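Colleague: Hi! I am new to reading structures, and I would like to go through this one with you. Could you show me how to read its features step by step?

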Amino acid sequence: MSDRALQDDVIRALADAPYRKSAAWRTRGLADPDRVERFARFLARHFYHERVVHFFKYSRALARVTGRMPDAGAAIRYLGDLLQYEAAMMVVEAGPRIWREDPESGGEGAGSEEWSAPETVEGTVLLELAYDLPVVLPELLRPWSEVPQAPARSTKLLVARSPRGRVAVARSTDAIAALLGLADGRKTLAELAHGAGLEVRELEQTLHGLVELGAVRFSTGS
């Protein structure tokens, strides 16, 4: 086993509690099990704390209004949407990613012009909200005395993660939602265009944007 493979095995043990208890790990005898368990819990506390603080920074800004953590602040109309948005961001960011470059790949976002059989990437999330959160999010992190309000209008947001773990949010449409539901890696572009109610050229432009976000990949391409 190479040094890198050994390092990866230790990292997996620290991050994966069932693996730490497995015979595959314990028979390696690389470290004292109790010390590994304590260190793994230490890392988990910091790992999750930092991410909760980062991804729930918008709702946390509302604590000054309620005098407590804002998940109980019923007076804030868009709070349910806000917590749903922040939870989706945290879950999407936690998904798998590429840690090392494949020398035979064209890099992130690369692809052939001869695309076929697009597929929605696992972990992509579509949010249907009652309030237009993108309008209010920047205001929450600025100084304010009265609670910033989000417009009450139906809003669809797409949350996706690139292969290297970059999380992006974009406004979605009914056509994009239909496209993501249909893209199963088997349907052709013509079939997807018909199902989503788009012209083929319009579909290709939409797919370019979805590939950049990390929401769609293709079964062929460089």
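Predicted model: local features only at pLDDT ≥ 70, side-chain atom pairs only at ≥ 80, totals over all residues.

Colleague: Which residue forms a salt bridge with R217?

Modeller: That is E119, and the closest N and O atoms of the two are 3.6 Å apart. R217 sits in strand β5 (residues 216-218) and E119 in strand β1 (residues 118-120), so this pair links distant parts of the chain, 98 residues apart. E119 counts as partly exposed too, at 30% relative accessibility.

Colleague: How many salt bridges does the structure hold?

Modeller: There are 12 salt bridges. Some join up: R20, E37 and R41 are linked in a network.

Colleague: And which residues form salt bridges with D132?

Modeller: R153 is one of them, with the closest N and O atoms 2.8 Å apart. D132 is in the loop between β2 and α8 (133-140), while R153 is in the loop between α8 and β3, 21 residues apart. D132 also forms a salt bridge with R171, again with 2.8 Å between the closest N and O atoms. R171 belongs to strand β4, so this second pair ties together parts that are 39 residues apart in sequence.

Colleague: You mentioned strands. How should I read a sheet?

Modeller: Here is the general idea: strands of a sheet pair through backbone hydrogen bonds, either parallel or antiparallel. In this model, an open sheet of 3 strands runs in the order β2-β3-β4, with antiparallel pairing. Its edge strands are β2 (125-129) and β4 (167-171), each pairing on one side only. From one strand to the next, the twist averages 25°.

Colleague: How many bridges are there between β2 and β3?

Modeller: β2 and β3 (residues 155-161) pair over 5 bridges. To find your place, look for L129, which stands opposite T155 in β3.

Colleague: Which helix packs on the sheet?

Modeller: Helix α11 (residues 200-213) does, touching β3 and β4, and its direction makes about 55° with that of β3.

Colleague: What does S172 touch?

Modeller: Leaving aside residues up to four places away in sequence, S172 touches L126, K156, L157, L158 and A177. S172 has its place in the loop between β4 and α9 (174-182), and it is buried, with a relative accessible area of 11%.

Colleague: Last topic: how many aromatic pairs are there?

Modeller: The count comes to 3 aromatic pairs. For Y19 and W25, the ring centres are 6.1 Å apart and the planes are at 50°, so this pair is tilted. Y19 is buried at 10%, and W25 is buried at 7%. For F39 and F42, the centres are also 6.1 Å apart, but the planes are at 15°, so this pair is stacked. F39 and F42 both lie in helix α4 (residues 33-55), 3 residues apart, about one turn of the helix.

Colleague: Which residue lies over the face of Y19?

Modeller: R12 does, at 3.9 Å from the ring centre.

Terms used
Residues numbered from 1 in each chain as written. Heavy atoms only, no water. Pairing = 2+ DSSP bridges. Helix = DSSP H or I, 4+ residues; strand = E, 2+ residues; numbered from the N terminus. Axes fitted to C-alpha atoms, helices over the stretch in contact; angles between N-to-C directions. Contact = heavy atoms within 4.5 Å. Buried < 20%, exposed > 50% of the residue type's maximum accessible area, 1.4 Å probe, protein only. Salt bridge = Lys/Arg side-chain N within 4 Å of Asp/Glu carboxyl O. Phe/Tyr/Trp six-rings, centres within 6.5 Å; stacked < 30°, edge-to-face > 60°. Lys NZ or Arg CZ within 6 Å of the ring centre and 35° of its normal.
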